[in-house]
Amino acid sequence: MSGSGVDSQASDAELVERCIAREPGAWEQLVHRYASLVYSVPRKLGLRPEESEDVSQSVFASLLTAMEGMRDRQSLAKWLITVATRQSWRVIDGRRASGGGPAEAVETIPESERTPDLAGWERRLAVRRALGLLGGRCQELLLALFSDRGSPDYQQVAERLGMPIGSIGPTRNRCLRKLLEILASRGGVAGPWDERERALLGSEGGMGVSRGHQPGT
Amino acid sequence: MSEENRPNDDVIALALGEVRAEDRARLEGGLRAQDAAIVARLRAVLETMAEPGLEAAPASLVRRLVSLDRRARRAEAVERFGAELRRFIASVVFDSRVNPALAGFRGGTEGRQVAYSSEGGGVHLRVSGPDERDDRMALRGAIEWAGGVSDSGGGGWVRLTGRGVDLSIDLDDDGMFATRLEPGAYQIVVALGDVEIDLGVLDVA
C-alpha cells in the first residue's frame, strides 16, 4: 500500500466514509481491498481477462458515483458483487446477441448464475482476508495443506516448508485455531455462514474433502 | 473466541476427517453444541480454501482503478470551477466511411479512420474489426496537442461510454491509446490537463 494513511483494519463503512471525505489514501485502500473480488466475478462467469478488466473499471466508476447515496455502507462487498455480476451479464448478453465470439464457456453458463452467489463470494473474501491477516508460516502451511481438494501429502509439505513432519500436526491445529479466531473477530463466520453450517452439520461426510490420516495421528 | 470455544485436537481431527470410523460416532455423540458448530465452521472454511478462490487483479488494472478517483475529482472540479476548465466540441474533418477514396492518403486502408479537429489539437481514430486473438472491435487513437500531450498537465485519458460500459483509458506519453470494444455506439471524450475534447458519438462497428 503506497503512502496510505488509512487504517487497513477500517471497516467497509468507515472506508466508504473516508472515501467520501476524500481522505488521502482511502480510495486506494478500497481498491486494494476489493479489486480482486470484483475482477473474479466476471472471470468466474467465463469472461476473458480484458473483458473482466473492463467490467471491473465500470464497477468502480459506478461506485464513485453511488458511494455517497449508499445506505448500508457496511454492505459494500454485496453491492460490488451484485453490480459486477450485472455488468458481466450485460457483456455476456451483448456477446450472445451479436453472435460473436468463439465457442467459449460463456455459452454454457446457466441462467441461474444471473443471481449473484453473495454468500459464496463473501465466504471466499472472508477466508482470503483471514489468511492474509494470519500471514507468515501459518498462512503458508494452511495453503499448502488445504488449497487442493485432494489429500495433502504431509511428507512433501514438510520437505517444501522445511519442517519436521512431526511438527506439522500441532502447528496446523494452532494455525487453524488462529484462523477461526480471526474469522470470528471480524464477523466473517456470521450471517451467511449459518445456513451452510446447518447444512454441513446435517451432512454425512461433511465437505467432501477426503483426508487421510495424518502421519503420527 | 473464548477459551472454551477454542477447538481441541479432537474437534479439529473430526473436522478434517482424520478420525477412525469406529471412533467417529462416539466423538460426534459427545460433542457440545458449540464444538459441533465449530466442526461445521471449520469444514466450511476448509472447503472454501479448497475451491478456486479469488483471482488476483492484474497490477495494471489496480493502477487504473486507483486513478479513477483522480478523474472523479477532476470531474468535480470541472463542475465547480467550470470557467477555469475548457471544453471543446471537436468536429469531424475526415471519415473514411464517408469518403473511402481518400483513405489511402491517410496512411493505410485497414479499417475505418476518423479524424477530428478542435481548438488546440486534433484526434485521429482507427476502428478495425476482430482478429484471431479477439472477436471485439479494435479502437486505436492518437491525440495531437499543441505543445505535446506530455506538456498538457499529465494524466490524459479517453473516456468511452456506451453499451452499458463506462471506460477510461490512459493515454501514453505519445498521446496514443488502444482498446477493444463490443460493436456499438460510444460517446468519446478526451481529457488533457484542464481541457476536454468532446468527439461526440462514434459508431464502432
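The area buried between chain A and chain B is about 5800 Å², with carbon and sulfur atoms giving 58% of it; buried area here is the accessible area (1.4 Å probe) that two parts lose on being put together, summed over both. This is a predicted model, in which local features need pLDDT of at least 70 and side-chain atom pairs count only at pLDDT 80 or more, while totals for chains, interfaces and linings use all residues. Residues are numbered from 1 along each chain as its sequence is written, chains are lettered from A in the order in which they are written, and side-chain values use heavy atoms, without hydrogens and water.

The interface can be summarised as follows.

| Item | Value |
|---|---|
| Chain A residues in contact (heavy atoms within 4.5 Å) | 67 residues |
| Chain B residues in contact | 57 residues |
| Salt bridges between chain A and chain B | nine salt bridges |

A salt bridge is a side-chain nitrogen of Lys or Arg within 4 Å of a carboxyl oxygen of Asp or Glu. One joins B:Glu55 and A:Arg43, at 3.0 Å from N to O. On chain A, the elements giving two or more residues to the side that touches chain B include helix 2 (26-44) and helix 8 (165-185); helices are DSSP runs (H or I, at least four residues) and strands likewise (E, at least two), numbered from the N terminus.

Chain B also holds an open sheet of five strands in the order 1-10-9-6-7, with mixed pairing; two strands pair if DSSP finds at least two bridges between them. Strand 1 (86-89) and strand 7 (165-170) of chain B each have a single partner strand, so one side of each lacks a neighbour in the sheet. Strand 1 of chain B pairs with strand 10 (residues 195-204) of chain B in the parallel sense over four bridges.
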